[in-house]
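Me: I am new to this structure. Please walk me through it in short steps.

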Amino acid sequence: MRVFKKSDDYVRLIAGEMLNKETSTQYWNLGKLVEVPIKGYPQLTIGNVINTFRVSCGHVFIPSSMDRQAFETRLMDTILSMEAEMAIQPLTGAHSKDTQWHTNIKIKSSLKQTAGKKEKFASYNVKRRFGKQIGYYEHARFYWSIVNINDIDYEITSNNISSSISQFVGGILYDADDITIHEHNESTFNFGRESLKGFKNIVDANIVIGDFGNPLMIELSENWQNRITDRFRNPIRNIDENNLFHADFATLKFRPVDMANNVETSTEVCSKCRSVLWGDFYAFHRFKKLPVFNDTLYVAMCPLCVHTSTNAIENEYYEVYRTTHPRDVNLMIEYADESDIKKDLYREVLKAYVDTGKGYMLIGDKYASFTKTDDYLYTSMVNDPTLQGRLICESKLVHV
Ligand SMILES: [Zn+2]
């Protein structure tokens, strides 16, 4: 993989490197013809063995902010004018059509067309084709896949050998946002996730923060934590504070809630979603539809179930209380079945979280979060001074 940093003549630098790879000879360096071309390119020396590669496909990785089609058009013009400056014409000799045990069938074509993505099926016999995905090798003598930097596939398996060679041997990366640790014009055979500057800051944790009440309310609810997309349909609504009273938790006796198979019951869970009760929650008493005035048991319900109910469930009772469970948020975090890093993240959320409006949130003193960590890893965000020294996670902010 050849890496170029931001440069005014980046199209020329990339086109020159493409011509080098197409010819397996280094004719161009930084957009200028070299005096003595070096055959066998790219070259990898392991010990005292020099390995050379002749590839027939390559990837050009560009920042996602770049207009791909405009780039392809400029690239095509530039590569055609640059090859006109060369003493030889690339991709016009005989090339392998099929290879078996002892035979290598080579063919030679007089067609010399360069085709872009638009002319996908204009001709099957072109010398050079630009496209987006792998799979059209057979339609060109050299296939260039022009894709976004975040489309790099780091996994090398027996199924994607061709694509891996195309990416990491035939690859050219335009690092305009300075997101990699590699230098300008550096050629590397060790491009991996570690090549991304921000990779070491990424933590494997994502968090849902509620922009109302306790920010961890959703995360710490067994029922709500992973169901925001399909269950959080109803917006949060306020309830009538005039009929709301405070009650001391110790004085309330709760109605047991049926748990698994109606065999187990619990007084420690929300009667609707069955998540463990903690912090502030609601206690309802004297169901209006039943004339049971001597019933001393209270119905417990978590804030999320009450504030998202559309039928105003609190109006079905004569008495509505807000009470506080002695199990507080810190105790919930301590006993949560989560990784240490996620628990640490929870504690930082409780300190502070700020939506910067610039695509990321600052969480406590240690973390920052993006909807997708790719928005950090593959963009100039990785160099944002505000984010230096912070660990990066994924988050979703749920508004009222
Ligand atoms: Zn609930």
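Me: At what angle do α1 and α2 pack, and how far apart are their axes?
Reply: This is a predicted model. Two packed helices are described by the angle between their axes and the distance between the axes. Here α1 and helix α2 (residues 68–84) pack at about 60°, with their axes 9 Å apart.

Me: Is α1 oblique or perpendicular to α2?
Reply: Roughly perpendicular needs 65 to 115 degrees, and roughly parallel needs under 35. The packing angle is about 60°. That makes α1 oblique to α2.

Me: Which residues in α2 meet α1?
Reply: α1 passes α2 in a right-handed crossing. From α1 come V11, R12, I14, A15, G16, M18 and L19. Their partners in α2 are R74, L75, T78, I79, M82 and E83.

Me: How many bridges join β18 to β20?
Reply: Strand β18 covers residues 280–287, and strand β20 covers residues 317–324. The two run antiparallel. H285 has E319 in β20 as its bridge partner. The bridges joining β18 to β20 number seven.

Me: In β19, which residue is the bridge partner of A283?
Reply: β18 also pairs with strand β19 (residues 299–301). The sense is antiparallel, over three bridges. In β19, A283 is bridged to A300.

Me: Which strands stand at the edges of the five-stranded sheet?
Reply: This open sheet has the order β14-β24-β23-β22-β21, with mixed pairing. An edge strand has a single partner, so one side is left without a neighbour in the sheet. The edge strands are β14 (202–210) and β21 (353–355).

Me: Which helix lies across β14, β21, β22, β23 and β24?
Reply: The helix in question spans residues 340–351. It runs at about 45° to β14. It is α7.

Me: Which are the edge strands of the seven-stranded sheet?
Reply: The order of this open sheet is β9-β10-β11-β6-β12-β1-β13, with mixed pairing. Inside that order, β1 and β12 pair in the parallel sense over four bridges. The strands that pair on one side only are β9 (114–115) and β13 (186–187).

Me: At about what angle to β11 does α2 run?
Reply: α2 lies across β6, β9, β10 and β11. β11 spans 140–148. Relative to β11, the angle of α2 is about 145°.

Me: Is N214 buried, exposed or partly exposed?
Reply: N214 lies in the loop between β14 and α4. A buried residue needs 20 or more other C-beta atoms within 10 Å, and an exposed one has 12 or fewer. N214 has 18, so it is partly exposed.

Me: What separates the C-alpha atoms of N214 and L350?
Reply: Along the chain, N214 and L350 are 136 residues apart. Their C-alpha atoms are separated by 8.2 Å.

Key. Residues are numbered from 1 along each chain as its sequence is written. This is a predicted model: local features need pLDDT of at least 70, side-chain atom pairs count only at pLDDT 80 or more; totals for chains, interfaces and linings use all residues. Two strands pair if DSSP finds at least two bridges between them. Two residues are in contact if their C-beta atoms, placed from the backbone, lie within 7 Å. Axes are lines fitted to C-alpha atoms, for helices over the stretch in contact, and angles run from 0 to 180 degrees between N-to-C directions. Angles under 35 degrees count as roughly parallel, over 145 as roughly antiparallel, 65 to 115 as roughly perpendicular and the rest as oblique. A crossing is left-handed if the near helix is turned anticlockwise from the far one by less than a right angle, and right-handed if clockwise.
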